Amino acid sequence: MGGAAVDEGPSGVKAPDGGWGWAVLFGCFVITGFSYAFPKAVSVFFKELMREFGIGYSDTAWISSILLAMLYGTGPLCSVCVNRFGCRPVMLVGGLFAALGMVAASFCRSIIQVYLTTGVITGLGLALNFQPSLIMLNRYFSKRRPLANGLAAAGSPVFLCALSPLGQVLQDHYGWRGGFLILGGLLLNCCVCAALMRPLLAPRPSGGPQPSRQPRRLLDLSVFRDPGFVIYAVAASIMVLGLFVPPVFVVSYAKDLGVPDTKAAFLLTILGFIDIFARPTAGFITGLQKVRPYSVYLFSFAMFFNGFTDLTGSTASDYGGLVVFCIFFGISYGMVGALQFEVLMAIVGTEKFSSAIGLVLLMEAVAVLIGPPSGGKLLDATCVYKYVFILAGAEVLASSLVLLLGNVCLGKRRQAAPPPAEDKLHQPPADLRVDSQEVEHFLKAEPEKNGEVVHTPETSV
C-alpha cells in the first residue's frame with residue numbers, strides 16, 4: 001500500500017498525464033465535491049435539528065463552521081500523515097472517519113454530540129481525503145495539470161447542486177436521523193476513491209542493490225524560505241476573508257429586496273451552474289503553452305475580477321441585478337477555484353506540495369472562521385447588505401494586489417540578483433596572468449620515467 005516512500009516523489013517517475021491518471025482525476029473530482037459541498041448541503045437539516053433540540057439557527061450553524069474548520073485547520077496534520085504513511089492509506093482511514101461520523105450523528109441525543117460527530121469526526125475524515133487527493137493529482141499530471149485541476153475543482157459545484165436536493169428528499173422521507181445515516185453510507189464512496197489512488201513507483205534498476213531512500217521530513221517548514229510561497233500564503237489568507245461571504249448572504253440580500261423565497265434560492269443555482277463550466281474552462285486556458293508561465297498573474301486577475309464583481313454587486317437594486325451579479329460571480333469564483341492549487345503546485349513543486357498545502361490551509365482556516373461572521377456583525381450593525389458586499393470585495397481586491405505586486409517585485413529582485421557564488425569559484429581571477437611558454441614547457445615535460453615520478457623544478461615543492 002505504499003508507506004512513506006510513496007510520497008517522496010521519486011525523480012525517476014514521469015507524470016503519465018493520462019492513463020490511470022484519469023481514474024485518479026475522477027477520484028479527486030468526487031473527493032473535492034464531498035469536501036466543499038457537504039458543509040453547505042448539511043444545512044438543509046438545520047430546521048429539523050432546531051426543532052429536535054430546541055436550539056436557534058446560530059447553534060446549528062456551528063455544524064458547518066466546525067466542518068470547514070476541520071477541513072482547513074487540520075492541514076498540517078494531513079501533511080504529516082501523508083508524508084509518513086502515504087496517500088492511499090490516509091484516504092482510506094479518512095473515508096471511514098467521514099462515514100462513521102455521520103452514522104454516529106444519527107443516534108445523537110444533544111447538539112454537542114452532533115458537533116463532535118458531524119463536525120469533528122466527519123470533518124477530519126473529509127480533510128484526510130481532500131489533501132491527499134490533490135497530492136496524487138499533482139503526481140499524475142504535469143503538462144495537463146491545469147486542466148486536471150479545473151476538472152477536479154468542478155466537483156464542488158456539481159455535488160452542491162446534487163447533495164442539497166438529495167438532502168431535502170432524504171429529510172422528507174426519513175427525517176434527519178435517517179438522512180444522516182444514508183449520507184454516512186454515501187460517504188463510504190471516499191474509500192472507493194482512495195482505492196483509485198495507485199502510487200507511482202520508480203523503476204527498479206537491473207541488477208545491483210536498491211538505492212537507499214533518504215528520510216523525509218514529516219512537515220517541511222523550509223517552504224517559508226521561498227518568497228513566492230510566502231506571498232501566495234498571505235494573499236490566499238486575505239482572499240478567503242471575503243471569498244465565501246457573497247454566497248452566504250446573496251439569498252438574504254434578495255429577500256431583503258422583496259424577492260420571493262423560491263426565486264431568491266434560485267440565485268445559488270445560477271451561481272453553481274455557471275461555476276460548473278467556469279472551472280474546467282479556466283483550467284484549459286491556463287494549460288495553454290503561452291498562458292501557463294503566467295498562471296500566477298492569471299490567478300491575480302481572477303481574484304481582482306471576483307473582488308470587482310462584489311463591489312458592483314453591492315449596487316444591485318432588483319432581482320435582475322442580482323442575477324447578473326451571480327453570473328459574473330460564478331465565472332470569477334470558478335476561475336479562483338480552478339487556479340488556486342494549480343498556482344501553489346507551480347510555486348513549490350511536487351516534493352514540497354504535501355507540506356505546503358497543509359500550511360496554507362491552516363492559515364486559511366483562521367480567515368474562514370473570521371470572514372462570514374465579520375460580515376454578519378457588519379450587517380447587524382448597519383442592516384445594509386451593500387456594506388457587506390463592499391467589505392468582501394475590498395478584501396479580495398487587496399489579496400489580488402498583494403499577489404500581483406509581490407510577484408512583480410520578486411521578479412525584479414531575481415533579475416537584479418548577482419550570479420551565484422559557486423559560479424565565481426570556477427572563474428579565474430581577473431588579475432591572474434599565465435605565461436604561455438611556461439605552460440607549454442610544463443605540458444611537454446615527461447611526467448613519468450621507469451614507473452617513478454620525476455620531480456622537476458616546476459613540480460617540486
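Start by selecting helix 6: this helix is mostly covered, with 25 of its 30 residues buried. Keep in mind as you go that you're looking at a predicted model.

**Zoom out**

Now show the whole protein as a cartoon. Its secondary structure comes to 17 helices and two strands. Color by burial and you'll find that buried residues make up 48% of the 461 residues. How much of the contact count comes from residues 24 or more positions apart? Taking contacts with a separation of 6 or more, such pairs account for 86%.

**Stop one: helix 4 and helix 14**

Two packed helices are described by the angle between their axes and the distance between the axes. Select residues 75–85, which is helix 4, together with residues 319–382, which is helix 14. Their axes come within 7 Å and cross at roughly 165 degrees. Since angles over 145 degrees count as roughly antiparallel, that makes helix 4 roughly antiparallel to helix 14. The crossing is right-handed.

Which residues meet here? On the helix 4 side, show G75, P76, S79, V82 and N83. Facing them from helix 14 are S354, S355, G358, L359, L361 and L362. Sort this contact by class and you get five nonpolar residues, six polar ones and no charged ones.

Are G75, P76, C78, S79, C81, V82 and N83 buried or exposed? They are buried.

**Stop two: helix 8 and helix 12**

Next, pick residues 155–186 for helix 8 and residues 261–286 for helix 12. Here the axes come within 8 Å and cross at roughly 155 degrees. That makes helix 8 roughly antiparallel to helix 12. What is the handedness of this crossing? Helix 8 passes helix 12 in a left-handed crossing.

Bring up the side chains at the contact. Helix 8 supplies S156, P157, V158 and C161, while helix 12 supplies G272, D275, I276 and R279. By class, the contact of helix 8 with helix 12 has four nonpolar, two polar and two charged residues.

**Stop three: S295**

Now go to helix 13, residues 295–313, and click on S295. With a relative accessible area of 4%, S295 counts as buried, because the cut-off is under 20%. What does S295 touch, leaving aside residues up to four places away in sequence? Its contacts are T286 and V343.

**Last stop: G242**

Finish in helix 10, residues 227–243, by selecting G242. G242 is buried too, at a relative accessible area of 0%. Show what surrounds G242: not counting residues up to four places away in sequence, G242 touches D310, A392, E395 and V396. Draw a C-alpha to C-alpha distance from G242 to D310 and you'll get 9.3 Å, although the two are 68 residues apart in sequence.

Notes. Residues are numbered from 1 along each chain as its sequence is written. This is a predicted model: local features need pLDDT of at least 70, side-chain atom pairs count only at pLDDT 80 or more; totals for chains, interfaces and linings use all residues. Side-chain values use heavy atoms; hydrogens and water are left out. Axes are lines fitted to C-alpha atoms, for helices over the stretch in contact, and angles run from 0 to 180 degrees between N-to-C directions. Helices (H or I, at least four residues) and strands (E, at least two) are DSSP runs, numbered from the N terminus. Angles under 35 degrees count as roughly parallel, over 145 as roughly antiparallel, 65 to 115 as roughly perpendicular and the rest as oblique. A crossing is left-handed if the near helix is turned anticlockwise from the far one by less than a right angle, and right-handed if clockwise. Contact means heavy atoms within 4.5 Å. Ala, Val, Leu, Ile, Met, Phe, Trp, Tyr, Cys and Pro count as nonpolar, Asp, Glu, Lys and Arg as charged, and the others, Gly among them, as polar. Buried means under 20% relative accessible area, exposed over 50%, partly exposed in between (1.4 Å probe, protein chains only).
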